[in-house]
Amino acid sequence: MSSTTTAARVGGPGTILSPDEVTAFVVAQLAEIDFDGRSVCVLVPDATRVCPLPLLVGAVHQALHGRVSKLTVLIALGTHGAMSDAALAAHVGVFPGVEVRNHEWWEPSTFANLGTIPSSRIEELSDGRMTGDVEVLLNRAVVEHDIALVVGPVLPHEVVGMSGGNKYFFPGVGGQKIIDVSHWLGALITSAEIIGTTSLTPVRALINDGAALIPADTYAFCVVTADTQEPALHSISFGDCISSWASAAEISAATHVTYRDAPVRRVLSLVPRMYDEIWTGAKGFYKVEPIVADGGEVILYAPHITEIATSHPQIHEIGYHCRDYFVKQWDTFSHVHWGVLAHSTHLRGAGTFDPATGEERLRVAVTLATGIPEEVCHAVNLGYRDPATIDPAAFAADPDTLVVPRAGEVLFRLR
């Protein structure tokens with residue numbers, strides 16, 4: 001894996017970079033590296049992340065087209081649904097000589113085996129709460145190219161602390177085992193504790209260990225998006241996947257975290273259309289949970305969402321529960337994909353479970369005001385409100401309610 005001591009960066013918390021500044025930076029950084037005659041796999045986010053991706057991929061293309069033997073763009077879906085050809089063209093842009101691929105995580109032939117992270121390391125990272133070797137599978141496109149170049153945003157994240165960097169490999173284009181282990185490790189720590197952490201969290205350490213096994217040279221452009229009407233950037237950092245991520249995480253912590261002096265009784269999260277299922281729309285809860293008072297409520301307002309998670313039907317079998325509901329009944333739930341268990345706990349937040357009485361107590365109520373039917377909401381242990389009865393302006397006038405527009409990217413914390 002390529003390594004530099006300090007990432008290069010342009011921009012900062014108070015900056016809005018122009019397209020010309022972004023392009024010039026990308027071209028200048030890539031001019032310094034020997035790409036000539038080599039193949040390059042560019043890993044980018046799917047449509048659940050906001051950034052000026054056509055600008056960034058266009059700058060990479062400008063810098064590398066004609067120099068490299070092959071240029072492939074790989075969409076780091078994790079376990080999200082595939083994007084259509086039309087959606088890919090709009091999302092990435094269309095550039096001569098560039099192949100754009102979905103990460104086909106549902107196809108076993110997608111993966112190459114890089115080796116194993118030993119059980120002793122898993123025990124160390126989890127403080128003894130988890131054991132077992134972890135097989136490290138990665139999309140073989142990364143392995144079959146000489147260089148892997150990550151291009152994507154860094155944001156507060158419920159599993160790893162801050163997204164971006166090596167997270168584009170795991171879980172971005174990684175196999176099920178390391179996805180499950182990393183997500184359940186984060187769930188054991190809890191989303192509320194880990195989200196927005198810029199230091200080396202145990203989950204970040206795990207994915208760095210996996211990325212260290214990648215035979216290709218790895219680099220990253222880690223960007224921090226600005227809260228503007230059209231996608232724009234505060235900053236862009238370049239270097240190896242660890243230093244560039246750390247550089248961007250500093251800026252994200254200064255721009256994507258909003259602090260409040262006191263808890264709020266209710267939050268109405270206006271979930272944007274880029275989240276088309278609760279699997280991703282649940283970010284409207286993760287990012288506000290830390291500021292909700294005990295006994296409070298988060299309403300996810302998303303009339304456009306009609307599905308919980310089409311790719312993860314197991315969530316309908318287990319429902320949404322706090323961490324201890326699963327941990328204290330582990331023999332019942334250990335067979336479920338741990339990534340699904342983690343998603344369940346992340347959306348249900350803090351709580352307790354008494355196995356003697358079967359009583360679960362949850363700190364915060366979660367209500368869906370979506371296109372998902374009432375009986376489905378109740379069946380998965382979530383509340384329901386008819387979205388037609390929601391007037392955001394009326395909620396905004398209520399002193400006990402915080403209305404969050406475009407919920408899902410900015411983290412709210414108490415001072």
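This note goes through the pockets, a helix, the nonpolar cores and some single residues of a predicted model.

1. Basis. The model is predicted, so local features are reported only at pLDDT of at least 70 and side-chain atom pairs only at pLDDT 80 or more, while totals for chains, interfaces and linings use all residues. Residues are numbered from 1 along each chain as its sequence is written, and side-chain values use heavy atoms, with hydrogens and water left out.

2. Largest pocket. Its volume is about 670 Å³. A pocket here is an open set of points on a 1 Å grid over the protein atoms alone, where a 1.4 Å probe fits, with protein on both sides within 12 Å along at least five of seven lines. Grid points are joined across faces, edges and corners, and the volume is the space filled by probe spheres set on the points. Lining residues have an atom within 4 Å of a point. There are 40 of them in the largest pocket, and G78, T79, H80, H183 and W279 lie nearest its centre.

3. Make-up of that lining. The lining of the largest pocket holds 14 nonpolar, 20 polar and 6 charged residues. Ala, Val, Leu, Ile, Met, Phe, Trp, Tyr, Cys and Pro count as nonpolar, Asp, Glu, Lys and Arg as charged, and the others, Gly among them, as polar. At least two lining residues come from each of helix 6 (176–189), helix 10 (278–281), helix 11 (283–286) and helix 15 (338–348). Helices (H or I, at least four residues) and strands (E, at least two) are DSSP runs, numbered from the N terminus.

4. Second largest pocket. This one has a volume of about 510 Å³. It is lined by 24 residues, with A226, D227, R406, E409 and V410 the closest to its centre. By class, the lining of the second largest pocket has 11 nonpolar, 7 polar and 6 charged residues.

5. Helix 3. Which residues of helix 3 (residues 85–92) are buried? They are L88, H91 and V92, where buried means under 20% relative accessible area, exposed over 50% and partly exposed in between (1.4 Å probe, protein chains only). Seen down the axis of helix 3, these buried residues fall within an arc of 75 degrees, so they line one face of the helix; the arc is that of the directions from the helix axis to the C-beta atoms. A86 and A90 are exposed, on the face turned away from the buried side.

6. Surroundings of helix 3. The buried residues of helix 3 pack against strand 2 (39–45), helix 2 (53–64), strand 3 (70–76) and strand 4 (98–102), contact meaning heavy atoms within 4.5 Å. Just after helix 3, G93 has a positive phi of about 100 degrees.

7. Nonpolar cores. A nonpolar core is a set of buried Ala, Val, Leu, Ile, Met, Phe, Trp, Tyr and Cys residues joined through side-chain atoms within 4.5 Å. The largest has 93 residues, and V142, F169 and L347 touch the most other members. Helix 6 gives the most to this core, with 7 residues. Leaving aside neighbours within four places in sequence, F169 is in contact with residues including L43, L138, V142, A211 and C241.

8. Backbone points to check. Most residues other than glycine have a negative phi, and most peptide bonds are trans. F170 and P171 are joined by a cis peptide bond, with omega about 10 degrees, and P171 is in the loop between strand 9 (161–162) and helix 6. T190, not a glycine, has a positive phi of about 90 degrees and lies in the loop between helix 6 and helix 7 (191–194). Phi of N381, another residue other than glycine, is positive and near 70 degrees; N381 is in the loop between helix 16 (374–379) and strand 18 (383–384).

9. P202. This proline is found in helix 8 (residues 202–211) and is partly exposed at 28% relative accessibility. Its C-alpha atom is separated by 5.4 Å from that of L125, 77 residues apart along the chain. Not counting residues up to four places away in sequence, P202 touches L125, L185 and I189.

10. E135. This residue lies in strand 6 (residues 134–139) and is partly exposed, at 38% relative accessibility. Not counting residues up to four places away in sequence, E135 touches N113, G115, K177 and I178.
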